[in-house]
Structure formats: structure tokens, C-alpha cells
Amino acid sequence: MSFIAEITLENYRSFRRAHCRLAPFTLIVGANNAGKSNLLRAVRDVGVSDAYPGSLNSARHQCSGKEDVKIVLRGGDGGELAVNEHHDGGGGRSGALNRLAKNPGAGVPVIYRLDPAVIGGAEKRTKQPFIAPNGEGVSAVLDKLNAGHQPVRKRYSDIIAALCRCVPEIEHVSFFDVDEDKRAIQVEQAGLSQPCPLSEVSDGTRLILAILTLVNMENPPPVLLLEDIDRGLHPRLYEQLVEFLRGIAKHGHTQILATTHDPYLIDEFRETPEAVVIVEKKDGASTLANLDEHLSRLRTHGADLDMPLGQLWFSGMVGGVPGARLPEILKVAEE
């Protein structure tokens with residue numbers, strides 16, 4: 001897979017004109033209402049536009065009048081794919097994301113806002129299970145992987161092994177029949193004599209299982225879009241989760257774009273600040289910048305950056321938090 005290396009947005013939703021680089025695993029940070037979700041929507045809407053030309057007309061920035069909506073994706077191999085929506089409903093390049101991912105069978109990317117309450121519950125067996133945006137379907141997908149031939153079953157084994165590394169109390173995962181049509185997930189935990197339904201374990205454990213399943217499906221999406229990836233997770237799990245997802249993205253299974261508000265999760269990107277995108281709202285329009293660009297500018301102006309990456313972000317020094325303004329910070333650093 002040739003991942004999306006750059007994205008440019010013009011007159012799209014909250015963006016007038018913005019550009020940033022994307023990594024195989026990109027973390028997106030910013031204040032509430034800054035435009036983080038709109039960046040995820042842009043990638044999703046490229047896929048929607050492939051199927052429904054003219055669909056981006058409704059996503060035009062409210063101050064852009066009849067100016068064209070434009071989304072440009074540039075691949076890691078230098079290839080460029082663009083989606084242009086004109087006011088007459090024309091434009092677009094068919095199959096942009098799927099061709100970029102070299103996966104003709106890939107579907108439209110989905111924005112996942114995972115709800116622990118629905119993950120791992122009783123679900124019917126089906127020939128073509130899928131995971132819904134809220135996380136429903138995890139049980140059915142895992143059940144099919146577990147029942148598949150060896151290469152497919154290995155995906156199941158990898159998921160369970162990764163879950164057990166993240167949550168050492170879990171020793172085994174299996175299924176049980178709820179009725180003649182439905183099966184649910186159960187786990188065996190250290191110190192307990194009987195397995196318990198997954199619905200009785202923590203929200204964070206269920207979220208981890210859902211994320212691991214999403215990136216290990218038989219036909220994973222070319223780009224996985226995750227809202228609030230840290231929701232319900234203990235910060236000590238971030239290192240293992242980030243390491244696992246980086247491995248998935250690095251080996252070309254799927255690109256991952258995830259939003260967060262957690263400085264501890266940002267700390268896991270201390271060696272790759274270019275993989276963190278900061279979204280800010282300025283004069284009614286959202287802007288994009290890679291964290292390494294802000295760090296470089298601050299160093300040039302002599303700012304003290306001797307603190308954890310997440311603390312730098314939380315302090316407002318690199319922007320992307322409520323009330324932060326990088327130009328004002330640079331002015332103070334100059335003085």
C-alpha cells in the first residue's frame with residue numbers, strides 16, 4: 001500500500017486552505033471545535049465522492065461562495081490523486097483512495113467512534129460480518145476469523161496475543177453460545193476459576209480488542225479513521241498500543257489516522273513529531289500543521305523545549321489547545 005503522505009484542503013467544511021503531511025500512523029490533536037473531525041471527514045468524503053460525484057457540494061466552506069471544493073491526496077510514492085467538486089456537480093477522480101491503496105475491493109473509509117457497551121456482545125454468525133462505526137460486529141468478525149483456514153485464523157491469534165500483552169490479566173479468549181443463533185465473547189482471567197463474558201470486563205479492554213480487530217480484518221480499509229482513540233484506555237497501555245499500530249501501518253496493512261486530547265498519548269510520538277498533526281481554528285477557518293514544524297520554529301526563536309512532548313502541547317507552546325496562539329508564544333520567546 002502507498003499511504004497518503006500529504007493532504008491539501010480548499011474550501012472544505014471548516015477549512016479555507018490547509019495542508020499537512022500524514023504518516024502511516026498519524027495522531028491528530030487540537031481543541032474542541034478546531035476541525036479534527038473534519039480532517040477525518042475529508043478522507044472519508046474522498047471515498048464517498050468516488051461513489052457519488054457531486055457529494056462534496058454540501059461540504060463547501062460557508063464563506064467560500066461558489067468556489068470549488070478541492071481535496072488533494074499525495075501518496076508516499078509521489079503519486080497525486082485529487083477530488084475536485086465544481087458548483088455544477090462535476091469533478092472527482094473515480095476510485096482515488098482505492099487506487100492509492102492499490103486495493104480495488106476496499107470500501108469507503110468509516111469514521112469509528114467506538115462504544116464499549118456494544119463491543120463483544122452476542123451477535124449472529126454471518127458469512128460477511130463487518131464492524132459498524134460504534135463497534136458492533138466485533139464478536140461476529142472474530143468468530144469468523146477463528147473459524148477460518150490457517151492464514152485467516154492467524155489473524156485471530158495475533159489479535160488475542162496482542163490483547164493479552166496489553167491486558168496481562170487475560171489468559172484466554174473464547175466464544176460461548178447465547179442461543180441457537182448468537183455467540184458472544186468470553187475471557188479467562190488470572191485468579192478466576194470461571195470465564196466471564198467480555199461485557200463484564202473494563203471499557204478499555206473492549207476498546208483495545210475492537211481496535212486490534214479493525215486493523216486485522218480480512219479486508220481492512222485502506223485508511224482507518226478513529227475518533228478519540230484514547231477513550232477509556234489507561235495511559236500505561238499507550239506504549240504497547242502505539243507500537244502495535246505502528247507495526248500494522250508500517251507493514252502496509254492499513255493507514256491509521258486517530259484523534260486524541262491526551263498528552264500522555266502524544267508522548268509516544270516523541271521520536272516522530274512529524275506524525276502529529278495540530279489542528280487550530282483561526283479567524284473562522286481551521287488550519288493544519290505538523291508538530292515538527294512548530295518545534296523547529298520555537299527552537300529557532302530560542303524557546304525552552306526541555307520537557308515531554310505531551311507537556312509541551314498541553315502547555316500551549318505548540319498550539320492546538322484552547323486559547324493557544326503560536327505567534328504570541330513566538331513573540332514572547334523572541335523577547
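Predicted model: local features only at pLDDT ≥ 70, side-chain atom pairs only at ≥ 80, totals over all residues.
The structure holds 12 salt bridges, where a salt bridge is a side-chain nitrogen of Lys or Arg within 4 Å of a carboxyl oxygen of Asp or Glu. Residues are numbered from 1 along each chain as its sequence is written, and side-chain values use heavy atoms, with hydrogens and water left out.

Let me take three of these bridges in turn. For burial, I call a residue buried under 20% relative accessible area, exposed over 50%, and partly exposed in between, using a 1.4 Å probe and protein chains only.

In the bridge between D45 and R44, the closest N and O atoms are 3.0 Å apart. D45 is buried at 7% relative accessibility, while R44, at 23%, is partly exposed.

K154 and D158 form another bridge, again with 3.0 Å between the closest N and O atoms. These two residues are 4 apart in helix α4, residues 150-166, and are therefore separated by about one helical turn. Helices here are DSSP runs of H or I with at least four residues, strands are runs of E with at least two, and both are numbered from the N terminus. K154 is partly exposed at 45% relative accessibility, and D158 is partly exposed at 30%.

Within it, R183 is buried, with a relative accessible area of 18%, but D177 is exposed, at 55%.

I turn now to the aromatic rings. Rings of Phe, Tyr and Trp (its six-membered ring) pair if their centres lie within 6.5 Å; planes under 30 degrees apart count as stacked, over 60 as edge-to-face, and the rest as tilted. By this rule there are 2 aromatic pairs. One of them, F25 with F269, is edge-to-face, with 5.4 Å centre to centre and 65 degrees between the planes. F25 lies in strand β3 (residues 25-30) and F269 in the loop between α7 (263-267) and β13 (276-282), so the pair ties together parts that are 244 residues apart in sequence. Both F25 and F269 are buried.

Next, the cysteines. How many disulfides does a search of the whole structure find? The search finds 0 disulfides, a disulfide being a pair of cysteine sulfur atoms within 2.5 Å. For C164, the closest cysteine sulfur is that of C166, and at 9.5 Å it is too far for a bond. C196, for its part, is buried, with a relative accessible area of 11%.

Finally, the chain as a whole. The protein chain comes to 10 helices and 14 strands. Of its 335 residues, 52% count as buried. Taking contact to mean heavy atoms within 4.5 Å, 62% of the contacts between residues at least 6 apart in sequence join residues at least 24 apart. The chain exposes about 15600 Å², and carbon and sulfur atoms supply 47% of that area; accessible areas come from the Shrake-Rupley method with a 1.4 Å probe, and for residues only the protein chains shown count as cover.
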